[in-house]
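Please keep the structure open as you read.

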Amino acid sequence: MGITGESDYFGILDNDSVFPSGGRIACQGVRGAYSAIAAKRMFPEGELMFFKNFDAVAEAVEKGLCDFGMLPVENNTFGPVKATYEVLKKGKVFIVRSEKLLISHRLLVKPNTAFSDIKEIYSHEQALGQCAGFLSTLPEDVKRVPSFNTALAAKFVAESERSDIAAIASPEAGELYGLTPLDMKIQDSDNNYTRFVCVARERKVYPGANRISLILSCPHRPGSLHHILGEFASLNLNLLRLESHPIVGRDFEFSFSMDIEAQSADERVRDMLISLSKECPFFLYLGNYMEI
């Protein structure tokens, strides 16, 4: 597949365009979710709308119900959010900005629940992974129960009739749902950041954009990934992220998601991307944007 309609494909805008401070913003989960916290930081005047899963967030943006969507893409301790990768790979929404959010987890319970009362802990699998060290210190009979979202876990604990369950979620979720923190900052690292990407229906480029995200597969021959990385090196482009993903239905074949420090307004970069799009069996340009 090759890039066609070059100017529209790269979404070049003039330097007078300004990233909006408001709009209808799609988030997964409920109030108090980390996606919602990231969205309010990026869009202080935005109206948040909540959806069950990442696919629903993308669909709301694609169909115009929301102007933007906020999706977690990776955590610096527990790695990539695979469900977001699957959403982006469909090529129906595109990245227009990203931000890093410091994640500080709390162990939240109903008032008057003691630490020794806890039999089950609910949270998203990413949060459970980020708190693996803390969880390993608990008795073996304390169950870890994955949830769709950290704030949903907090809401479930608050609304449950049980007093022997807890949630791992944000301080904001604890305040919203009337829960008490039993333990503070239980994540494995104090330097615990999650990257969120803001997605839109169209590839738009705003001033300051210096990061390009791609998903591609390599020709099945020796040195093909080396060749791609060599193309970046030839233009002195910094590779910011490289992750491999198994291709479903293929035996040990992989696609790659990668970020490079580059600007699509640079003609040399565009020419390089057009060339790669013709060489790669699968090639998706997700956008050129700024991280804040």
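How do the residues of the lining of the largest pocket divide into nonpolar, polar and charged?

## The largest pocket

The lining of the largest pocket holds 9 nonpolar, 4 polar and 4 charged residues. Here Ala, Val, Leu, Ile, Met, Phe, Trp, Tyr, Cys and Pro count as nonpolar, Asp, Glu, Lys and Arg as charged, and the others, Gly among them, as polar. The pocket's volume is about 310 Å³. Of its 17 lining residues, Ser217, Cys218, Ile247, Glu253 and Phe254 are the closest to its centre. Strand S14 (residues 254–261) supplies the largest share of this lining, 3 residues.

A word on terms: on a 1 Å grid over the protein atoms alone, a pocket is an open set of points with protein on both sides within 12 Å along at least five of seven lines, a cavity is a set where a 1.4 Å probe fits but cannot get out, and lining residues have an atom within 4 Å of a point. Points are joined across faces, edges and corners, and a volume is the space filled by probe spheres set on them.

## About the model

This is a predicted model, in which local features need pLDDT of at least 70 and side-chain atom pairs count only at pLDDT 80 or more, while totals for chains, interfaces and linings use all residues. Residues are numbered from 1 along each chain as its sequence is written, and side-chain values use heavy atoms, with hydrogens and water left out.

The largest cavity has a volume of about 230 Å³. Among its 18 lining residues, Tyr34, Pro72, His124, Gln126 and Thr150 lie nearest the centre. Helix H5 gives the most to this lining, with 3 residues. By class, the lining has 9 nonpolar, 9 polar and no charged residues.

The second largest cavity has a volume of about 120 Å³. Val73, Tyr85, Leu88, Arg241 and Ser257 are the closest to its centre, out of 19 lining residues. This lining has 11 nonpolar, 4 polar and 4 charged residues.

## A mixed sheet

Now to the sheet: 5 strands form an open sheet with mixed pairing, in the order S8-S7-S9-S6-S10. Strands pair if DSSP finds at least two bridges between them; helices (H or I, at least four residues) and strands (E, at least two) are DSSP runs, numbered from the N terminus. Strand S6 (residues 106–109) runs antiparallel to strand S9 (residues 165–169), and 3 bridges join them. Leu107 stands opposite Ile168 in S9.
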